[in-house]
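Subject: Structure for your review

Dear colleague,

Please find below the structure that I am handing over to you. My notes on what was found in it follow directly after.

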Amino acid sequence: MNSAFGNIKAIAKRELTGYFASPVAYVFIVIFLLLCGGFTFLFGGFFERDQASLMAFFMWHPWFYLFLVPAVGMRLWSEERRLGTIELLLTMPITAWQAIAGKFLASWMFLALALLLTFPVWITVNYLGSPDNGVIVCSYLGSVLMAGAYLAIASMTSAMTRNQVVAFILSVVLCLFLVLAGIPRVKEFFDSLGFVWLGNLTAAMSVMTHFDAFQRGVIDFRDLIYFLSVIGFALFTTGVILRSHRSG
Amino acid sequence: MIKVENLAKFFGTKRAVDGVSFSVARGEVLGFLGPNGAGKSTTMRMITGFIPPTAGKVSVGGYDMVENPIPAKRLIGYLPENAPAYTDMTVSGFLSFAAEIRGLSGDAKKKAVHRAVEMCFLESVLHQSVETLSKGYRHRTCFAQSIIHDPEVLILDEPTDGLDPNQKHEVRGLIKRMGEKKAIIFSTHILEEVDAACSRAIIIDRGRIVANGTPQELRRKSEWAGAVTLRVKGVAGSAVSAKLYQVQAVNRVTVVEEKEGRVTVSVFPKPQATGANGEFARAVGEAAHGWHIEQLQIEEGRLDEVFRSITMPDTKQEVKK
Ligand SMILES: Nc1ncnc2c1ncn2[C@@H]1O[C@H](COP(=O)(O)OP(=O)(O)OP(=O)(O)O)[C@@H](O)[C@H]1O
Ligand SMILES: [Mg+2]
């Protein structure tokens, strides 16, 4: 088991050094921070709300993760396939799931780092008022989990193709489904047709529904399970796709 | 060390590898020859566990590659075709990663990287990004990665591809030296490498093994094996071949060149006469008695000709006509 941990660590370390070897990582972080700041203060009505909370900050996360997370995840496997390094990686004495986990964890840590760098927003709100910091920590946790779910989906689409653009578009579309399934209008639509159960099901499938609870400061076991199972399922599918490619 | 039994790989209906069996022991260097698309790389990918076989078995060091891949992979160093490497890393970063994933750390890792860098002459590019390396250096970097853990089994897919003549020479020497203690399979399109480095060679064509033997044994399959090339002065070509056809063991005589009163002919023995090389040459020499012989040479057999006749039987018949 020790060696499994060592392998995952080696893979994750390689992946992370790869990110920071090029300017792309820094550009990404800057764009991420600009978007966060911009949306929070310009469109989120942070000041107009006149309340000490980060609602205006977190409410945008499901939307701009839609583009930012696939941008990070799209290269995970398609780049390995394009360069042919996947042949090196999968002939090394590691299991495929160690490689998948290592690469996933590296990009997840990278996203978490970008999110962590938004701490000035948190400082600002504490400076201006006295927010419920428990709710904020909880929202950060939900945000990280949501990023993980998106990322796992991007990992899956990235395994499907050696073309990063295709991988990007596919994962944006899939993530968009997960977001849209949760907007009230979809549920109303199904309800009006008489399929209440279907409306409930789609709502339950959506990241919006589960992220909401975190934003309210509630850590529900079912929401945790939801995000973790999306991650688990998508990574498992990544493994299946990689295996089917190798079988030819 | 490496045992391959009835290995097959079908891509859809295409039979890329179709029932290949062989084994390689420690101390052997096996050359893998065959035309483009013969299935060399596919076979190597199955041996290294990259792609699962459609049928058949691969075992490395006694571990089955499908059932017990991790210990099997631990024994192998692999240089894939086209030498892939992570372009977003430096050479030393890449080699450190390769060492780490092989379970090396601290001093052992440093030593392993240092050794591989020395063996592959990479000092000058150690801190350069892989992306900006020339083709040959990238190839050497990937080669260094394959030997970083001093593996017992080496699988090298066209290891000298893209190297300059000096480096080709170095790598052949390296393979030969390492082959004394390891089991090595390498594929190549350069037939001299078979002589330079292999203890045994396999020719594969359309997914099947069509020849398997030491370089000498393969050469003996050539119709050139034991043939005699003769240059005489002052006799007409037609007269020379007429006389030589009277020798009983002679199968065929071809006039290679006729100019300035000199004639060069190649005399091929009948298949059953090939075994006794010396005798055939003597018989030819006796027939030539009285001519002014400038040169008489016994041919060893040519690998390129064996390769061509085995892998392109149809074209060869056309040439004969
Ligand atoms: N993933 C794949 N899907 C379909 N066909 C494949 C695949 N990989 C290889 N093939 C086919 O299998 C055959 C053998 O290919 P392989 O790469 O093993 O040849 P090779 O002997 O290495 O040739 P070369 O000397 O050109 O490197 C080829 O006809 C190739 O088109
Ligand atoms: Mg090949």
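I begin with Asn82(B), which is exposed, with a relative accessible area of 52%; here buried means under 20% relative accessible area, exposed over 50%, and partly exposed in between, with a 1.4 Å probe and protein chains only. The residue belongs to the loop between strand 6 and helix 3 of chain B, where helices (H or I, at least four residues) and strands (E, at least two) are DSSP runs numbered from the N terminus. As a general point, most residues other than glycine have a negative phi.

Before going further, some conventions. This is a predicted model, in which local features need pLDDT of at least 70 and side-chain atom pairs count only at pLDDT 80 or more, while totals for chains, interfaces and linings use all residues. Residues are numbered from 1 along each chain as its sequence is written, chains are lettered from A and ligands numbered from 1 in the order in which they are written, and side-chain values use heavy atoms, with hydrogens and water left out.

A second residue of this kind is Arg206(B), which has a positive phi of about 45° although it is not a glycine. Arg206(B) sits in the loop between strand 9 (200-205) and strand 10 (208-213) of chain B. With a relative accessible area of 59%, Arg206(B) is exposed.

The metal site

Which protein atoms are donors of the magnesium ion (ligand 2)? They are OG of Ser41(B) and OE of Glu81(B), lying 1.9 to 2.2 Å from the ion. The pair ties together parts that are 40 residues apart in sequence, because Ser41(B) lies in helix 1 (residues 40-47) of chain B and Glu81(B) in the loop between strand 6 (76-79) and helix 3 (91-101). Donors are N, O and S atoms within 2.8 Å of the metal (3.2 Å for Na, K and Ca); water is not among the atoms, so sites may look incomplete. Ser41(B) counts as buried at 11% relative accessibility, whereas Glu81(B) is partly exposed at 25%.

Chain B

The secondary structure of chain B comes to twelve helices and 14 strands. Along its principal axes, the C-alpha trace spans about 75 × 45 × 30 Å. Of the 321 residues in chain B, 52% are buried. Contact means heavy atoms within 4.5 Å; among the contacts in chain B with a separation of 6 or more, 67% are between residues 24 or more positions apart. Chain B exposes about 14900 Å², and carbon and sulfur atoms supply 49% of it; accessible areas come from the Shrake-Rupley method with a 1.4 Å probe, and for residues only the protein chains shown count as cover. There are 43 positive and 38 negative side chains in chain B, and the centres of the two sets lie 2 Å apart. Lys and Arg count as positive and Asp and Glu as negative, while His and the chain ends are not counted; the place of a charge is NZ of Lys, CZ of Arg, CG of Asp or CD of Glu.

Met1(B) is found in the segment before strand 1 (2-11) of chain B and is partly exposed, with a relative accessible area of 26%. Leaving aside neighbours within four places in sequence, the contacts of Met1(B) include Val24(B), Ser59(B), Glu152(B) and Ala183(B). Gly19(B), in strand 2 (residues 14-24) of chain B, is partly exposed at 38% relative accessibility. With the neighbours within four places likewise left aside, Gly19(B) is in contact with Asn6(B), Leu7(B) and Ala8(B).

Chain A

There are 15 helices and zero strands in chain A. A compact globule of 248 residues would have a radius of gyration near 18 Å, and the 19 Å of chain A agrees with this; the radius is taken over C-alpha atoms, and the globule rule is 2.2 Å times the number of residues to the power 0.38. Buried residues make up 51% of the 248 residues. The accessible surface of chain A comes to about 11600 Å², of which 74% belongs to carbon and sulfur atoms. The mean positions of its 15 positive and 12 negative charges are 13 Å apart.

Helix 6 (residues 75-83) of chain A is largely enclosed by the rest of the structure, because seven of its nine residues are buried. Among them are Trp77(A), Glu79(A) and Arg81(A). Helix 6 is followed by Gly84(A), whose phi is positive, near 85°.
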